[in-house]
Amino acid sequence: MSDDRNSNYFADTIAVREGQTRTPEGEHAEPIFPTSSYVFDSAAAAAARFSGEEPGNIYSRFTNPTVRTFEQRLAALEGGERCVATASGMSAIYATCAGILRAGDHIVSSRSIFGSTVILFNNFLEKFGVEISYVDQTDMQAWTDALQSNTRLLFLETPSNPLTEIADIRKLSTLAHEHDCLLVVDNCFCTPALQRPLELGADIVIQSATKYIDGQGRCVGGAVIGSEQLVGTDVYAFLRTAGPSMSPFNAWVFLKGLETLSLRMQRHCQSAMDVAEWLQQQDNVTRVWYPGLQSHPQHQLAKEQMQDFGGIVSFELSGGQEAAWRLIDATQMLSITANLGDTKTTITHPATTTHGRLSVEERHQAGISDGLIRVAVGLEDVRDIKNDLARGL
Ligand SMILES: *Cc1c(COP(=O)(O)O)cnc(C)c1O
């Protein structure tokens, strides 16, 4: 077996080459290993594997060659020592919390995080004695004020969904470390092609591979990336036992997704910028949120910590919910769905879908108005995307 692993390559090379171990068949593309278990040469060899004396595959809940190739490639792209793949982005977040926290610990989280993450924190982690406080993610003072002696994790997504607020990863990692806490960044909107939080000081990166890493809307999966101790030991210990693991088939889809990720992200960003600038010129659009616009409140910070500005654009119409629904229903090509990170452009009304379970006041606090629309710009010709939006404007 020859091992192609070599992290001295540049990122685009790593995305194509890292982590592949060729079998004696000499296959060029990475194989899928759909096997639940593995055989051993002898009883003694089995014993050595199980005791951990000898490395190698044991059982696909926690060791599978296709999954491992994906993990090594993504770890190298994020600049982390270890990556563990999970069944979904949500199980990546859950495994991180379960592997690291104990009853009595406290999390300070940005208020602007994925809806299911809020439910996971409030309905499940709290049940096991973990306390959560929420803060405005662009307010450094609020993060500092929320820290308690039992705070263990700071948690955020940047840019946030749907208002693309940018959190200062470098400053927040310094704050976390001054208080003996870990900074966890959900890097789903950026992927390592646009932002590498570990290089900015974060301790753990979460990915929902379902989004841009697949990029074509086919599979659900996730990953946790960080140090050998935190991810390779603490998070992995929970995962291998609790079992929200990634299937070899999904790992293979994500692995091939990584090979074209940076090319796809370039186009997502380029078209999103085009759509954002165009929306700014439309009469009944009262505001556009996109980190690449000069008018974005954290445009400077976005330029410093991101390679490019991402594929998500949000905008507000003057006519409230009625106008928003009218525009959404007037589109003929765009997909009306809450998903994002697909080749196909998607359009969402956050107030009645992704953020519909929040109370009116919570929604107001999160800045989600009734006229707000989120577009996840896909890879179609951008002229067709703008033409489709123009129908309802
Ligand atoms: C979709 C998403 C998740 C959850 O990922 P799943 O793969 O759907 O479980 C977590 N965080 C963010 C920012 C997301 O967009």
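How many bridges join strand β4 to strand β6, and do these strands run parallel or antiparallel? Four bridges join β4 (residues 106-110) to β6 (residues 151-157), and the two strands run parallel. The model shown is predicted: local features need pLDDT of at least 70 and side-chain atom pairs count only at pLDDT 80 or more, while totals for chains, interfaces and linings use all residues. Residues are numbered from 1 along each chain as its sequence is written, and side-chain values use heavy atoms, with hydrogens and water left out.

**View 1. The seven-stranded open sheet.** The strand order is β3-β9-β8-β7-β6-β4-β5, and the pairing is mixed. Strands are DSSP runs of E with at least two residues, helices are runs of H or I with at least four, and both are numbered from the N terminus; two strands pair if DSSP finds at least two bridges between them. At the edges stand β3 (82-86) and β5 (131-135), each of which pairs on one side only. Neighbouring strands are turned by 20° against each other on average, direction ignored.

**View 2. Helices α4 and α8 on the seven-stranded sheet.** Helix α4 (residues 89-100) lies across β3, β4, β6, β7 (182-186), β8 (204-208) and β9 (222-226), and runs at about 150° to β8. Helix α8 (residues 228-242) packs on the sheet and touches β3, β7, β8 and β9; its direction makes about 25° with that of β3. Contact means heavy atoms within 4.5 Å. Axes are lines fitted to C-alpha atoms, for helices over the stretch in contact, and angles run from 0 to 180 degrees between N-to-C directions.

**View 3. The surroundings of the ligand.** The ligand is surrounded by 13 residues, the closest being G89, D186, S208, T210 and K211; a residue is near if one of its heavy atoms lies within 4 Å. This shell divides into five nonpolar, five polar and three charged residues, where Ala, Val, Leu, Ile, Met, Phe, Trp, Tyr, Cys and Pro count as nonpolar, Asp, Glu, Lys and Arg as charged, and the others, Gly among them, as polar. A polar backbone atom of G89 is 2.9 Å from an oxygen atom of the ligand. An oxygen atom of the ligand also lies 2.9 Å from a polar side-chain atom of S208, and the side chain of T210 has an N or O atom 2.6 Å from a ligand oxygen atom. The ligand taken alone exposes 380 Å², of which the protein buries 91%; accessible areas come from the Shrake-Rupley method with a 1.4 Å probe.

View 4. The loop between β6 and α7 (169-178) holds P159, and the peptide bond from T158 to P159 is cis, with omega near 0°. P162 is found in the loop between β6 and α7; the peptide bond from N161 to P162 is cis, with omega near 0°. In the loop between α7 and β7, D180 has a positive phi of about 60° although it is not a glycine.

View 5. Strands β11 (residues 312-317) and β14 (residues 372-376) run antiparallel and are joined by five bridges, with L372 in β14 as the bridge partner of E316.

Definitions and conventions
Polar contact = N/O pair within 3.5 Å; in protein donor to acceptor, adjacent residues only side chain to side chain.
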